[in-house]
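Subject: A structure for you to look at

Hi there,

I am passing along the structure we talked about, and my notes follow below it. Please have it open while you read.

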Amino acid sequence: MSPEQFDAADRQRRADAQNVLDDSAARLGITGVTTHVLSGYAGDAICDAARELPAAVIVLGTPGRGGVRRALLGSVSDHVVRNAPCPVLITGPRAGDEQEP
């Protein structure tokens with residue numbers, strides 16, 4: 001892949017991600033929020049963006065992994081809760097929506 005192809009693919013990936021965010025906000029009926037597509041390690045990118053904005057609150061969903069799986073795979077929500085410059089609201093899966101191993 002050439003540098004130009006990589007840049008084009010990255011622009012398309014970011015545009016697709018922004019469309020997902022916009023569509024999700026519209027489906028949820030959320031207005032007056034700002035969405036951002038970030039790159040890099042998720043936990044660090046979220047905390048850095050919250051500092052730069054500055055954010056009043058960070059809202060994160062979590063798949064509900066527990067114990068050993070979270071310890072082995074890490075947890076973005078754990079990282080953000082420990083490092084965010086503002087309050088963090090974590091939402092878990094609804095009953096019956098938990099991910100299977």
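How far does helix H1 (residues 3-28) reach from its first C-alpha to its last? The span is 37 Å for 26 residues, close to the 38 Å expected at 1.5 Å a residue. Please keep in mind throughout that this is a predicted model.

Here is the overall layout. The protein has four helices and two strands, and along the sequence they follow the pattern α-α-β-α-α-β. Of its 101 residues, 15% count as buried.

Now back to H1 and what comes after it. Just after this helix, Gly29 takes a positive phi of about 75 degrees. A nonpolar surface patch of about 290 Å² is found here too, made by Leu28, Ile30 and Val33. Val33 sits in the loop between H1 and helix H2 (42-52), and with a relative accessibility of 48% it counts as partly exposed.

Next, the charged pairs. Side chains of opposite charge can pair when their charged atoms come close. Searching the whole structure turns up two salt bridges. One joins the side chains of Asp10 and Arg13, at 2.5 Å from N to O. These two residues are three apart in helix H1, so about one helical turn separates them. Asp10 is partly exposed at 25% relative accessible area, and Arg13 is partly exposed as well, at 39%.

The other bridge links the side chains of Arg51 and Asp48, with 3.2 Å between N and O. Arg51 and Asp48 are three residues apart in helix H2, so here too the separation is about one helical turn. Both partners count as partly exposed: Arg51 has a relative accessibility of 45%, and Asp48 has 39%.

How many disulfides does the structure hold? The count is zero. Cys47 is in no disulfide, and the nearest cysteine sulfur, that of Cys86, is 8.1 Å away.

The loop between helix H3 (67-73) and helix H4 (76-83) contains Ser75. Is Ser75 buried or exposed? With a relative accessible area of 14%, Ser75 is buried, because buried means under 20%. The side chain of Ser75 makes a polar contact with the side chain of Ser77, at 3.0 Å.

The other spot is Ile90, which lies in strand E2 (residues 88-91) and counts as partly exposed at 33% relative accessibility. Ile90 and Asp78 are 12 residues apart in sequence, and their C-alpha atoms are 9.5 Å apart in space.

That is what I have for you. I would be glad to hear your thoughts once you have had a look.

Best wishes

Methods:
Residues numbered from 1 in each chain as written. Predicted model: local features only at pLDDT ≥ 70, side-chain atom pairs only at ≥ 80, totals over all residues. Heavy atoms only, no water. Buried < 20%, exposed > 50% of the residue type's maximum accessible area, 1.4 Å probe, protein only. Polar contact = N/O pair within 3.5 Å; in protein donor to acceptor, adjacent residues only side chain to side chain. Expected span 1.5 Å × (residues − 1). Disulfide = S-S within 2.5 Å. Patch = residues over 30% accessible without salt bridge, like charges linked within 9 Å, V, L, I, M, F, W, Y side chains within 5 Å. Areas by Shrake-Rupley, 256 points an atom, 1.4 Å probe, with all protein chains shown as cover. Salt bridge = Lys/Arg side-chain N within 4 Å of Asp/Glu carboxyl O.
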